[in-house]
Amino acid sequence: MALLPILRYPDARLHTSAAPVAVVDDGIRQLVSDMAETMYEAPGIGLAATQVNVHQRVIVIDVSEDKSALLALINPEIIERDGEQTGEEGCLSVPGIYEKVTRAEHVRVRALNERGERFELDAHGLLAVCIQHEVDHLDGKVFVEYLSSLKVNLIKRKLAKKARITA
Ligand code: K1U
Ligand code: ZN
């Protein structure tokens, strides 16, 4: 097990489009395990491999209260989206920033599990939001890119100031 360093926005590597996983092997299972440990320690409810500078299509999510429902999605594909919900989102790569984003209320996702088996999952509410947020990371998109350029510039200035203080 290992804690992985998380890239911070506006690191250009967060804009990399991740490649599909060819084979779900022990290396991928180790990545899932390290990502889960990193997500729980942060703490967060999701993490995409992109955020730990691994550009393969792997995400982990746990939206349960007691960290009892770890979900690993390998090569996730959102195959249905409907409805609309607006809620505050955070991001471990954009620490301390929470902003409202509108997303689909329901998604159906197809993915591989840690054994390389294909499965489909219907998600609503927070789980649906988290899946959309993490799949965006794999496509090189960070949630602040849904905001106005005015807000994005403010956020960049805030993060730069924080980085100067903590350096
Ligand atoms: O991808 C990430 O950066 C993780 C992110 C996931 C997410 C949160 C909220 C809406 C959409 C996606 C986070 O986990 S931010 C931290 C957070 O939300 C949280 C932290 C501790 C307890 C509960 C939530
Ligand atoms: Zn994020």
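The confidence of the predicted model was examined over the whole chain, which averages a pLDDT of 97. A score of at least 70 is reached by 100% of the residues. Among the elements of the chain, strand β1 has the highest mean pLDDT, at 99, whereas helix α3 (residues 149–166) has the lowest, at 92.

Cysteine 91 counts as buried because its relative accessibility is 8%, which falls under the 20% limit. Histidine 137 is likewise buried, with a relative accessibility of 0%.

Strand β2 (residues 58–61) pairs with two other strands. With strand β1 (residues 46–48) the pairing is antiparallel and extends over three bridges. With strand β3 (residues 71–82) β2 also runs antiparallel, and four bridges join the two. Isoleucine 61 of β2 takes part in both pairings: glycine 46 is one bridge partner of this residue, and leucine 71 in β3 is another. In a regular strand the side chains alternate between the two faces of the sheet. In β2, Val58 and Val60 lie on one side and Ile59 and Ile61 on the other. The C-alpha atom of alanine 72 is 11 Å from that of alanine 49, although the two residues are 23 positions apart in sequence.

On the surface, Ile45, Val63 and Leu126 form a nonpolar patch, with about 220 Å² of accessible area together. Valine 63 is placed in the loop between β2 and β3 and counts as partly exposed, at 31% relative accessibility.

Side chains of opposite charge can pair when their charged atoms come close. Ten salt bridges were found in a search of the whole structure. One of them joins aspartate 26 and arginine 29, whose closest N and O atoms are 3.0 Å apart. Both residues are in helix α1 (residues 26–41), where a separation of three residues corresponds to about one turn of the helix. Aspartate 26 is exposed, with a relative accessible area of 57%, whereas arginine 29 is partly exposed, at 31%.

Another salt bridge is formed by arginine 103 and aspartate 136, with the closest N and O atoms 3.0 Å apart. This pair links distant parts of the chain, as arginine 103 is in strand β5 and aspartate 136 is in helix α2, 33 residues apart. Both arginine 103 and aspartate 136 are buried.

Arginine 110 and glutamate 120 also form a salt bridge, with a separation of 2.9 Å between the closest N and O atoms. Arginine 110 is part of strand β6 (residues 106–112) and glutamate 120 is part of strand β7 (residues 118–124), so the pair ties together parts that are ten residues apart in sequence. The two residues are partly exposed, with relative accessible areas of 23% for arginine 110 and 34% for glutamate 120. Both belong to a network of salt bridges that links Arg108, Arg110, Glu120 and Asp122.

Backbone geometry was considered next. A cis peptide bond joins tyrosine 9 and proline 10, with omega about 10°, and proline 10 is located in the segment before α1. A cis peptide bond also joins alanine 42 and proline 43, with omega about -5°; proline 43 is in the loop between α1 and β1. Positive phi values occur at asparagine 53, near 60°, and at lysine 67, near 55°, each being a residue other than glycine. Asparagine 53 is in the loop between β1 and β2 and is partly exposed, at 33% relative accessibility. Lysine 67 is in the loop between β2 and β3 and counts as exposed because its relative accessibility is 51%, which is over the 50% limit.

How values were computed:
Residues numbered from 1 in each chain as written. Chains lettered and ligands numbered in written order. Predicted model: local features only at pLDDT ≥ 70, side-chain atom pairs only at ≥ 80, totals over all residues. Heavy atoms only, no water. Buried < 20%, exposed > 50% of the residue type's maximum accessible area, 1.4 Å probe, protein only. Pairing = 2+ DSSP bridges. Patch = residues over 30% accessible without salt bridge, like charges linked within 9 Å, V, L, I, M, F, W, Y side chains within 5 Å. Areas by Shrake-Rupley, 256 points an atom, 1.4 Å probe, with all protein chains shown as cover. Salt bridge = Lys/Arg side-chain N within 4 Å of Asp/Glu carboxyl O. pLDDT = per-residue confidence, 0-100.
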